[in-house]
Amino acid sequence: MKKDQIIHGNCLDALVKLPDGSVDLVFADPPYNLQLSGQLRRPDQSVVDAVDDDWDQFDSFAEYDALSAAWLSECRRILKPDGALWVIGSYHNIFRLGKQIQDLGFWMLNDIIWRKSNPMPNFRGRRFTNAHETLIWAAKSAEAKYTFNYDAMKALNEGLQMRSDWYLPICSGAERLKDETGSKAHPTQKPENLLARILLASTKRGDIILDPFFGSGTTGAAAKRLGRHYIGIEQDKKYVALASQRIAAIRPVIDDSLLELSEKRAQPRVPFGALIEGGLLQTGDTLFDKSGQHQARIRADGSLITKSRLSGSIHGLGAKLQDQPSCNGWQYWHIRKNGKAICIDQLREEYRTLNMPADKA
């Protein structure tokens, strides 16, 4: 199967030719089925450039549902066992798509709200301004070991867990592709930052992303910049040419190491006792939580004990003291070194650096 290609043709015709279990991720921006009737005008009576193309016209919900079931079924077949799916839509179609996704055996992981910082106004004043779209993220099955780059998302969000509401602008300015008349080249071009976040969150470098509704090629552009591969399917020859030209102009990052994501879950396990054996901690050292409310001393076997004789592992005792079902002791416990309170997770990283080969640390 050829990577980094755009297939010109009907979505279903092209999908059936792709081999089973051959891609890592599917991103789909299918027709919205907006059901528009008549022209939409601004208060000054100028016509709004809305989505009224033939590809978004369906005679009935049943027709739309049949297409959705067909392409979703094929995408599930093409996904690797640990693959995942992202689908974006508006209130017109996302709920119908969600039902199909669950019925086909996908396992729902999250719904993401893309909150637009600069949405199009509601010109008729009869409804709320439609300021968001919804993305569904689903694994191929409940058993799939899907990719989630938690630490990368946390780093992107200034050290805080990434939430399921994303505040990003719509595609505009220099990023918006224009045709020879200066008009929008594609009516539903998505911002590249949106696709970049999706790929950073749920793929690894070298993964293959399939986009069955390739349009202006945003998925391919983001994939090329981030060291991923793409396969796009697009039935409109004009959009194939547009996407091809766009992606060809992108110069990928020269230093591949800049595209590596460091995920703590993928790093070798370090037992807490190894820090004692390695001399980074000692029996009798006092650990404390960030607030200073709880303290415990390290015992010879690597367990902790408080003055009130509560004892347990760094994780178990931390959970008891907070009356919580679980606790990440590496993040919870701190120690004072050279007059400064540091998290013991820093000592774990130091141990890895000192004691593990570079290709394993």
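Is Trp86 buried or exposed? In this predicted model, Trp86 has a relative accessible area of 2%. Buried means under 20% relative accessible area, so Trp86 is buried.

The setting is a protein chain with 11 helices and 14 strands. Of its 361 residues, 45% are buried. Among contacts in the protein chain with a separation of 6 or more, 67% are between residues 24 or more positions apart.

A pair of aromatic rings is described by the distance of the centres and the angle of the planes. Nine aromatic pairs are found when the whole structure is searched. One of them joins Trp86 and Trp137, with 5.4 Å from centre to centre and 10° between the planes. Planes under 30 degrees apart count as stacked, and the pair of Trp86 and Trp137 is stacked. The two residues belong to distant parts of the chain: Trp86 lies in strand S3 (residues 79–89) and Trp137 in strand S5 (residues 132–139), 51 residues apart. Trp137 has a relative accessibility of 5% and therefore counts as buried.

The relative accessibility of Tyr332 is 12%, so Tyr332 counts as buried. For Trp333 the value is 0%, and Trp333 likewise counts as buried.

Trp86 and Trp137 also belong to one aromatic cluster, together with Tyr146, Phe148, Tyr150 and Trp166.

Aromatic rings also take part in arrangements with charged side chains. Arg76 places its charged end over the ring of Phe106, at 5.7 Å from the ring's centre. In a second case, Lys116 lies over the face of Trp114, and here the distance to the ring centre is 5.1 Å.

The next topic is helix packing. Two packed helices are described by the angle between their axes and the distance between the axes. Helix H5 (residues 192–202) and helix H6 (residues 218–225) have axes that come within 9 Å and cross at roughly 55°. H5 is therefore oblique to H6. The crossing in which H5 passes H6 is right-handed.

Which residues of H5 meet H6? On the H5 side they are Glu192, Leu195, Ala196 and Leu199. On the H6 side, the residues they meet are Thr218, Thr219, Ala221, Ala222, Ala223 and Arg225.

Definitions and conventions. Residues are numbered from 1 along each chain as its sequence is written. This is a predicted model: local features need pLDDT of at least 70, side-chain atom pairs count only at pLDDT 80 or more; totals for chains, interfaces and linings use all residues. Side-chain values use heavy atoms; hydrogens and water are left out. Rings of Phe, Tyr and Trp (its six-membered ring) pair if their centres lie within 6.5 Å; planes under 30 degrees apart count as stacked, over 60 as edge-to-face and the rest as tilted. Helices (H or I, at least four residues) and strands (E, at least two) are DSSP runs, numbered from the N terminus. Buried means under 20% relative accessible area, exposed over 50%, partly exposed in between (1.4 Å probe, protein chains only). A charge sits over a ring if NZ of Lys or CZ of Arg is within 6 Å of the ring centre and within 35 degrees of the ring normal. Axes are lines fitted to C-alpha atoms, for helices over the stretch in contact, and angles run from 0 to 180 degrees between N-to-C directions. Angles under 35 degrees count as roughly parallel, over 145 as roughly antiparallel, 65 to 115 as roughly perpendicular and the rest as oblique. A crossing is left-handed if the near helix is turned anticlockwise from the far one by less than a right angle, and right-handed if clockwise. Contact means heavy atoms within 4.5 Å.
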